[in-house]
Each structure stands twice: as C-alpha cells, then as structure tokens.
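Subject: Structure for you to look over

Hello,

Here is the structure I promised to pass on. Please open it first, then read my notes below.

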Amino acid sequence: MANILELQDVCMTFGQVKALQDINLSVREGEWVAIMGSSGSGKTTMMNIIGCMNKATSGTVILDGEKISRLNAKDLTAIRRDKIGLIFQQFFLISYLTAVENIMVAQYYHSMADEQEALEALERVGLGHRARHLPRQLSGGEQQRLCIARALINHPKIILADEPTGNLDEANQNAVMDIFHQLHKQGSTIIVVTHSPDVGSHADRIVRLEFGHMVSDGEKKA
Amino acid sequence: MFFRMIFGAVTRQKQKLLIMACTMALGISLATAMLNVMLDVGDKVNQELKTYGANIMVEPRGASILSDLYGMTEGSGVNDKFLREEELPRIKTIFWAFNILDFTPYLDIKVSVKGVSEQVTMLGTWFSKHLDLPTGESVDVGIKNLKSWWDIKNSWMEDEDEHGVMVGATFAAKNKLKEGDSLEITATDANGGVQKLDVTIRAVYYAGDNEDDGILAPLATVQRIAGLEGKVRRVEVSALTTPENDLAKRAAQNPHSLSHDEWEIWYCTAYVSAIAYQIDEVLTDSRAKPVLQVAASEGSILEKTQLLMLLLTILSLACSALAISNLVTANVMERSTEIGLLKALGASDGEISLVVLTEMLFATIVGGIIGYVCGLGLAQVIGHTVFDAAVDLKLLVIPIIALLVFVVTLGGSLPAIHMLLRLKPTEVLHGN
C-alpha cells in the first residue's frame, strides 16, 4: 500500500514552547494508527497539522501525494474539505439542525447536499430512526455516531478522530469502536488521537508522543 | 441547504432570535417615534404658538401708511379708511389657504353708555362666523378661536345675537356690571345721526389687554349703529408660517427686488411675508403686515424646539444603535464554535458570513417592522400627551428606519464576524 500521509522532520512551536519536535511519520492507505500520549504530549497539535487546521513551523507534510506544509489557509480549507473527515471529542454539532441536516451541511460545503445519501449515512451508523432529531435529543453515543456519519459523508482519504470516545460510556465506546472496525475493514485510513490505552489497542499501530517527541512507533500493546 | 440552515436557525433558536428582534423592536420603536415627532414638531409647535394670537394684521392701505409714517392710529385719514367685509372670505382662497388658521375682522367705534361718564370703545367682530368660500368649501372663523386664551365668564356669544354684548373685565368692575345686566348705548353714526341701542350683557371677558376696558359686540351690530354696513377697520390673521430667512427678509422689504427664481421660491414658501403679500393680492386697497415681533419669536422658538428634538432623536438613535449592535456582536461571538466547525468542514469565509448575516438580518428586520409599528403608536402617545393632537405619520421615516436596521445589524455583526473569521478552527474547537 502507498503512503497516504508523510510527516518529515515536522516541528511546531508556540512562542517559546516546542509542541512538536522532529516528527517523522508515514501512514499507509487503509492503516489504522493511534497517536497516544498524556496531556501536553503534542498529540492534538499533531492532529491539527495532519487535519490541515494548523501549519507546522518547519518540516514537510505530504497528504495523498500533495505537499501541504506551505499551503495558504484557503488551500488548506479545500484539502480539509476534500480529503479529511474530522471527528471531535465534543462532537461539535450544529444545535439548531437535525441529525440529517448536520450531515447535509458537510455535503453542502463539499459539493452538493443530498438528503438521501445523508440518510443512508445515518443508517450505516445505526441512526436512521433519529434522522429528524436535534442533537440535544440524542445521547452522547448517538451524537458521536452522528459525527462519524458526518465525517464519512464526503468519502475522505483519512478519518481523523480526536479522543472520539472521551465523552462516552463503555457501551457507546464499544459501539463507536465497532464502527471504526467496519470502516477499517472497508479500507478507510483512520488516525485516532487518544490517551486511552483501550481505544489505542484497537489500532494496527500505535505512535507514542512525550513532550513533543515521538518516542515509539509500532507497538500495539498499551 | 442554505435555506434549511436559515429555517433551522429561525425556527429552532426562537428564543435567541426573539431577544434580538425584541431589542431591535425596542430601539426602532423609539427611533420611529422620535423621528415622526421630530418631523412633525414644527407644525405642532407652530399650531400651538398660533393659539396665542395673530401674526398678520390687515389694514386699509391709506390708514396703514399714516400709521407707518406718522404713528397715527386715530383721526381723520385713518378712521375713514375701511376694508370690505364681503371680500374677507377670499383670505381663505390664497395659495397658502390651508395655512390660514383663523382670522377675524374688527370695527371699533366710540359709544356712550348710560350711567358711564366716559366714552367707551365698542369693538365689533366675528365670534364664530360660518363662511361659504368661493371654492365650495366652508369654514368657521372668528375671535373665539383666535383669542382662545381669553377668560370668559359664561360663554362666547353668537354672531346672530343682535341684542347682546360682552363687556371687558375692567369695564365691568368699574361700573359694577355683570352678565344679564342691560346697557343703553348711544353712538353717532357716519352721517352724524344719533343711534340708540339697548343690549344685554351676555358675558364678561378677561383679555389681559386694553380690550378689557371696552365692549365687544357682533360686527353687524356695530356696523349698524355706526352706519358702516359692510365695512371693517382691520383684520387679524393667524397663519402657520415658516421661519424667516434672508430671502424672506429681502422680499418683505421689496418683493420686486427678487429674481424670478427667488420670487418663485419665496412665493411658494409659507413665509409670513409671502402670506401677507398674497392677502394683499385678494383684498382691495389693503396692506397686510406681519406682526414681526410675534413672527420672529415664533420662528426662534420653533427653531430651538426643532434643534432640541433633533438632538434627542440623534441621541435616541445612537442609544438604540449601540444596544442593538452590542446584542448582535454578542450573538455572533456566542457562535464562535459553530463558525469554527463550519470552517473545519470546509466552508469559506464568504459562505459563513452569508449564513450568519442572513439570520441576523431576518431577526432584525422582523424586529424592525414590529418596532416601526410600535413606534407609530408611541408617536401618537407623545403627540396626544404633549400637543393634544395626533402626530402625522411621515413616509420619510420608513427609509430612514430601514437604513438604520441594516446599518446597525451590519455594523454590529461585521466586526465580530471579521474577528471570528480570523480565528483558526483549532482556536475555537480545541482552544489552542
């Protein structure tokens, strides 16, 4: 499998603080990678760089064969829209739109809203019957599944999840992980940022960060 | 999808948008009321000022010249000049007819009253005369409305009352007269004949002026005993006028010194001099003179009142704008997460601005319409409370209010939206 993502000597500093230092990482297409580390280790910073929401201070980032490290904000937005599906710990759903409309928003800003396709995406995550409900009428697990459906709707190259089970109980955590397994089987590339060994254990590969340094790559055990 | 987002925001965020619409309604109602009152306050104050007397005096041309040149108010050459009573309705047919609020003629003669040693001035006038105008309209004019501040014991008498008079408070007090008493009046008519008249006092009036030492009677009665049927000595006119400016002052000195265009402007503006000029045109051998002291005071009061109202209106508009823009800004700032998410999903700055501004404008336009309607009601409350009259609704207020709604909404939203658009999604989604 070809590399879908490559980070070469990536550094990120915020003022005097070095959040990431000399990160080198390659992710193959269809791979499930967990980026783990304690708070302040730099895993969210790394996710923001991979997700085109921040630019690295130095180094090279290649996504799907395109060097993105020096692109401007507008081009990064286009890359993010076309190639990345984002899943957040706090869900970030639009409170005044129904479940299906939340998915259609992602379609709308990508290309064109298609309600039927959005409903099918909801069915795939087991939320077909909740399509007309507002986010506040959904449980935490349902909201996260809705986020996953939204992240998948535009067929992204990479699914990037930041602590996807951080706000969920065990049952919902398992449900979300089941969905990730299905996606992985279907060939999706998944990068999960987490501090949870349990979540990390589902991945093919675990990358560990400590104080901005990559301290290990490849171990699967927590 | 765009409209679904707007619809969703409007129908499912009712409370937020309602607060915004209410604030807008509150601000706009205040602005609407103040603007309507401000634009109408000139007429209202003018009308109010007109209740304190006439501002144009019409006299026979010859008598006016003697009065102007030599200060003569009595004697040969003054008292033998008259205006024609039958021409007086023409005053209400001039170009500025609708600005003529009231007028009344006077004919004064000296009479002797039995039991009173000195001669007394008997003043004939219209009390509330019904006139059928050549234009087909009809009006009621006379001293009753023109001197509305006079204090009358009992009530004003009627023009048709041939055997009644009203007496001034000073005259009544000096001679211990009261309503219901009879008077035996003797006068010398224009031919030198002696005329006698028995009348009953219908009311005692207090004018606070020289008139308090005289007798007031219907014009026809005085004309009959003076042998001066159809004649009047002078006419007082109360007109709604525009404050004088340089053009009006030049025209007052000599209208023929104006250029054609200046003359057109002056003639077609309700300057007191223009109205006086037009009265001259319709009455034979007359000289209509503005009572300049009254006109100038009125103009000054009017200008100051309008300035005060303008300042109050600007102040209220500024307060409304500030309150609304603060709320709009707060609302936009609250949506930082949503805006960050839309950016993360790939929305462009323009697309995000369009969604947020459309929602804001929807709420504020609804609030603006409600505020405008409430403002009209508020204007009427102010009108009835302060001026005891309805405030005319000015169409000019509508575009001003519409502009205000847009400016305030955009002014309140754009800086906040601009600031939020500069934020990176990570800053609002992760706090980094």
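Predicted model: local features only at pLDDT ≥ 70, side-chain atom pairs only at ≥ 80, totals over all residues.

Helix α3(A) passes α5(A) in a right-handed crossing. In chain A, α3 covers residues 99–110 and α5 covers residues 140–152. Their axes come within 8 Å and cross at roughly 30°. An angle under 35 degrees counts as roughly parallel, and α3(A) and α5(A) are therefore roughly parallel to each other. From α3(A), the contact uses A99(A), N102(A), I103(A) and A106(A). They meet L146(A), A149(A) and R150(A) of α5(A). By class, this contact of α3(A) with α5(A) has five nonpolar residues, one polar and one charged.

Chain B has a helix pair to set beside this one. Its α1 (residues 2–12) and α12 (residues 349–387) have axes that come within 10 Å and cross at roughly 45°. α1(B) and α12(B) are therefore oblique to each other. Their crossing is right-handed. On the α1(B) side, the contact is made by F2(B), M5(B), I6(B), A9(B) and V10(B). On the α12(B) side, V355(B), T358(B), E359(B) and F362(B) take part. The residues of this contact of α1(B) with α12(B) divide into seven nonpolar, one polar and one charged.

Next, the cores. In soluble globular proteins, nonpolar side chains tend to be buried together. Here the largest nonpolar core holds 119 residues. Which of them touch the most other members? They are I35(A), I103(A), V105(A), L122(A), A149(A), L160(A) and I191(A). Helix α2 (residues 14–50) of chain B gives the most to this core, with 16 residues. A second, separate core has 60 residues, among them V199(B), A217(B), I225(B) and A251(B).

Leaving aside neighbours within four places in sequence, L122(A) is in contact with A99(A), V100(A) and I103(A), among others. Its contacts also include L127(A), G128(A), A131(A) and A149(A). A99(A), I103(A) and A149(A) take part in the contact of α3(A) with α5(A) as well.

On to the interface. How many residues of each chain are in contact with the other? The count is 22 residues of chain A and 23 residues of chain B. On the side of chain A that touches chain B, the elements that give two or more residues are α1, α2 (73–83) and α3 of chain A. α3(A) gives the most, with seven residues. By class, this side of chain A has 14 nonpolar, five polar and three charged residues.

R80(A) deserves a look here. It sits in helix α2 of chain A. Is R80(A) buried or exposed? R80(A) counts as buried, because it has 23 C-beta neighbours inside 10 Å and the cut-off is 20 or more. Neighbours within four places in sequence aside, R80(A) is in contact with G51(A), C52(A) and M53(A) in chain A, and with A344(B) and G346(B) in chain B. The C-alpha atoms of R80(A) and M53(A) are separated by 7.9 Å, although the two are 27 residues apart along the chain.

Two backbone points to check. Most residues other than glycine have a negative phi. C52(A), a contact of R80(A), has a positive phi of about 60° although it is not a glycine. C52(A) is found in the loop between α1 (43–50) and β4 (58–63) of chain A. It is buried, with 26 other C-beta atoms within 10 Å. The other case is D285(B), with a positive phi near 50°. D285(B) lies in the loop between α9 (272–282) and β14 (286–290) of chain B. D285(B) is partly exposed, with 15 other C-beta atoms within 10 Å.

Last, the chain totals:

- Chain A has seven helices and ten strands. Of its 222 residues, 50% count as buried. Among its contacts between residues at least 6 apart in sequence, 67% join residues at least 24 apart.
- Chain B has 14 helices and 14 strands. Of its 432 residues, 42% count as buried. Among its contacts between residues at least 6 apart in sequence, 77% join residues at least 24 apart.

Best wishes

Notes. Residues numbered from 1 in each chain as written. Chains lettered and ligands numbered in written order. Axes fitted to C-alpha atoms, helices over the stretch in contact; angles between N-to-C directions. Helix = DSSP H or I, 4+ residues; strand = E, 2+ residues; numbered from the N terminus. Parallel < 35°, antiparallel > 145°, perpendicular 65-115°, else oblique. Left-handed = near helix turned anticlockwise from the far one by under 90°. Contact = placed C-beta atoms within 7 Å. Nonpolar A, V, L, I, M, F, W, Y, C, P; charged D, E, K, R; others polar. Core = buried A, V, L, I, M, F, W, Y, C linked by C-beta atoms within 7 Å. Buried ≥ 20, exposed ≤ 12 C-beta atoms within 10 Å, placed from the backbone.
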